[in-house]
Amino acid sequence: MILIFDLFQTLVEVVRMDFNLGLKPFWNEHYKDKCSFDEIRAYGEELFLHMQGLHKQGFEFPFVKDELPLYAERFGGDVISMSIEEEAAFLSRCNEERVYDGLLEMLDLFAKKEIPMYVLSNSGFRADALRLMLDSHGIGKYFKKVWSSADFGKVKPSADFFNMAIGEVLSQYHDATREDILFIGDTYETDIAGAHNASLRTVWINRNDKPDDNGFATYQIKDITELSKSHIV
């Protein structure tokens with residue numbers, strides 16, 4: 001068995017998210033002499049709406065590759081370059097996160113069973129920045145690879161995004177097939193529908209007992225740690 005996890009609200013709970021908490025230090029360092037914070041905040045909200053529109057079309061809006069050049073275009077100056085470490089720091093300022101209770105023990109159990117584990121995430125932040133975030137919570141070491149839509153350019157439920165990850169996994173495990181891969185996620189429309197359409201078995205973290213009208217979920221659980229307490233894995 002091979003496990004691919006969604007990231008946010010599946011492995012890591014986002015308790016609070018506020019983009020402006022990351023934007024303000026960024027503005028203070030790079031744009032304070034070019035615009036007011038209210039101006040850059042308003043533009044950030046405009047770009048957020050732009051991102052939502054792109055997501056509806058199936059495309060990502062990468063923060064470093066696509067968004068940072070737009071700030072320079074609007075307010076002047078050079079395009080700000082951002083290292084992976086700086087990008088991870090920006091993300092950590094925006095999000096207050098916590099790892100779900102019992103997750104570390106579950107991942108450790110799966111690792112001892114030598115079950116390969118991966119992460120496939122919709123995020124405007126690059127995979128290496130997400131990896132640093134996972135490392136900060138002590139769980140990055142369990143995952144063989146992290147994929148982010150920021151690097152790929154398309155978002156779940158894109159079949160292309162899933163098939164890219166599936167192709168890499170199967171190239172590493174030549175005796176495995178799609179039937180051996182289990183995708184775990186919390187969002188029906190992106191995680192479960194997307195994985196189902198990519199011919200993967202799925203585990204839906206259905207915390208609110210919503211109906212599975214399409215029958216896309218192979219299994220349903222209410223808490224991520226139920227994976228280690230059931231017959232699923």
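This is a predicted model: local features need pLDDT of at least 70, side-chain atom pairs count only at pLDDT 80 or more; totals for chains, interfaces and linings use all residues.
**Entry 1: Thr225**

Leaving aside neighbours within four places in sequence, I find Thr225 in contact with Asp101, Gly102, Leu103 and Met106. I place Thr225 in the segment after strand S8, which spans 219-221.

Is Thr225 buried or exposed? Its relative accessibility is 8%, so I log Thr225 as buried, the cut-off for that class being under 20%.

I then checked the side chain of Thr225 for polar partners. I noted a polar contact with the side chain of Asp223, at 2.3 Å.

**Entry 2: salt bridges, count and network**

I turned to charged pairs next. How many salt bridges does the structure hold? The count I have is 14.

I also searched for linked residues. Asp6, Lys156 and Asp191 are joined in a network of salt bridges.

**Entry 3: Glu13 and Arg98**

I looked up the partner of Glu13 and found a salt bridge with Arg98, with 2.7 Å between the closest N and O atoms. The two residues lie 85 residues apart, so I record the pair as a link between distant parts of the chain: Glu13 belongs to strand S2 (residues 12-17) and Arg98 to strand S3 (residues 95-99).

For accessibility, I have Glu13 at a relative accessible area of 21%, which makes Glu13 partly exposed. Arg98 also counts as partly exposed, and its relative accessibility is 32%.

**Entry 4: Arg126 and Glu87**

I checked the side chains of Arg126 and Glu87, which meet in a salt bridge at 2.4 Å, N to O. Where do the two residues sit? I find Arg126 in the loop between strand S4 (117-121) and helix H6 (127-136), and Glu87 in helix H4 (residues 84-94). They are 39 residues apart, and this pair too links distant parts of the chain.

I compared the accessibility classes of the two partners. Glu87 has a relative accessible area of 0% and is therefore buried. Arg126 has 23% and is partly exposed, since buried requires a value under 20%.

**Entry 5: Asp33 and Lys34**

I looked up one further pair. Asp33 forms a salt bridge with Lys34, and I read 3.5 Å between the closest N and O atoms.

Which accessibility class does Asp33 fall into? With a relative accessible area of 65%, Asp33 is exposed, because that class takes values over 50%.

Conventions. Residues are numbered from 1 along each chain as its sequence is written. Side-chain values use heavy atoms; hydrogens and water are left out. Helices (H or I, at least four residues) and strands (E, at least two) are DSSP runs, numbered from the N terminus. Buried means under 20% relative accessible area, exposed over 50%, partly exposed in between (1.4 Å probe, protein chains only). A polar contact is a pair of N or O atoms within 3.5 Å; within protein, one must be able to donate a hydrogen and the other to accept it, and residues adjacent in sequence count only if both atoms are side-chain atoms. Contact means heavy atoms within 4.5 Å. A salt bridge is a side-chain nitrogen of Lys or Arg within 4 Å of a carboxyl oxygen of Asp or Glu.
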